[in-house]
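Hello,

Here is the structure I promised to pass along. Have a look at it first, and then read on for what turned up.

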Amino acid sequence: MSRTSHAHIALPYRILFLYIEPLAAFFGTYTNLFQPEPYLLSLSPNAVYSSLTYPIYAQMAGHDLLFSWLQAVLLRSTSSVKIWKIVLFGMLMCDVLHLYGSYIVLGAEGFFNPQTWRWEEWITFVMTYGPGLLRAAFCLGIGIGKVPKAKNS
């Protein structure tokens, strides 16, 4: 079995999308399943946790687990830029909605003013803006080299 080559994909993309983000998403799975209250308070400091809402956290854990699997398994198994773009664009749409949720909680003044951010907002924004910008750049074709042609055996 031949190994999939990702040499045509810039190293920062490979490090982020194949290693860092799958681990972060897996950590999100764990947090949603086993520490839902701290997770909620990290996103919405004035929210009140109720065990009645636990099914929502289990569903979010499934979302994070899917992201982890898509990046750790699917993206590693293909060198197809088209597949990478499809997956990363879908994740970019999630990033936009995640940021929208933060905007609702913080309001415009808090959302656009880093001086008011708690450490939780810093983590949320760094882990959403940074990868989101790289996802957008990848989808625009920035940092993608020529895909090597497969040799006929």
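**What turned up**

Let me start with Thr29, which touches Ala61, Asp64 and Leu65, leaving aside residues up to four places away in sequence. Please keep in mind that this is a predicted model. Thr29 is found in helix H1, and at 7% relative accessibility it counts as buried.

**The nonpolar core**

The largest nonpolar core has 17 residues, and those with the most contacts inside it are Tyr13, Phe17, Leu75, Trp84, Leu88 and Phe138. Helices H1, H3 (54–77), H4 (81–111) and H5 each supply at least two residues of this core. As background, nonpolar side chains tend to be buried together in soluble globular proteins.

Phe17 is buried, with a relative accessible area of 0%. Not counting residues up to four places away in sequence, Phe17 touches Pro22, Gln71, Leu75, Trp84, Leu88, Pro131, Leu134 and Arg135.

**Aromatic pairs**

There are 13 aromatic pairs by the rule applied here. One of them joins Tyr13 and Phe17: the ring centres are 5.9 Å apart and the planes are at 10 degrees, so this pair is stacked. Tyr13 and Phe17 are four residues apart in helix H1 (residues 11–34), which puts about one helical turn between them. Tyr13 is buried too, with a relative accessible area of 4%.

Phe125 and Tyr129 make a tilted pair, because their ring centres are 5.4 Å apart and their planes are at 45 degrees. Phe125 and Tyr129 are also four residues apart, in helix H5 (residues 119–139), and are separated by about one helical turn. Is each of these two buried or partly exposed? Phe125 is buried, with a relative accessible area of 2%, whereas Tyr129 is partly exposed at 30%. Both belong to a cluster linked by ring pairs, made up of Tyr103, Phe111, Phe112, Trp117, Trp122, Phe125 and Tyr129.

**Salt bridges**

How many salt bridges does a search of the whole structure find? The search finds four salt bridges. In one of them, the side chains of Arg135 and Asp95 meet at 2.7 Å, N to O. Arg135 lies in helix H5 and Asp95 in helix H4, so this pair ties together parts that are 40 residues apart in sequence. Arg135 is buried, with a relative accessible area of 2%, and Asp95 is buried at 10%.

Arg118 forms a salt bridge with Glu121, where the closest N and O atoms are 2.9 Å apart. The side chains of Arg118 and Glu120 meet in a salt bridge as well, at 3.4 Å, N to O. Arg118 counts as partly exposed at 25% relative accessibility, while Glu120 counts as buried at 16% and Glu121 is buried at 5%. Elsewhere, salt bridges that share partners join Glu21, Asp95 and Arg135 into one network.

**Cysteines**

The count of disulfides comes to zero. Cys94 is in no disulfide, and the nearest cysteine sulfur, that of Cys139, is 12 Å away. Cys94 counts as partly exposed, at 29% relative accessibility.

Key:
Residues are numbered from 1 along each chain as its sequence is written. This is a predicted model: local features need pLDDT of at least 70, side-chain atom pairs count only at pLDDT 80 or more; totals for chains, interfaces and linings use all residues. Side-chain values use heavy atoms; hydrogens and water are left out. Rings of Phe, Tyr and Trp (its six-membered ring) pair if their centres lie within 6.5 Å; planes under 30 degrees apart count as stacked, over 60 as edge-to-face and the rest as tilted. Buried means under 20% relative accessible area, exposed over 50%, partly exposed in between (1.4 Å probe, protein chains only). A nonpolar core is a set of buried Ala, Val, Leu, Ile, Met, Phe, Trp, Tyr and Cys residues joined through side-chain atoms within 4.5 Å. Contact means heavy atoms within 4.5 Å. A disulfide is a pair of cysteine sulfur atoms within 2.5 Å.
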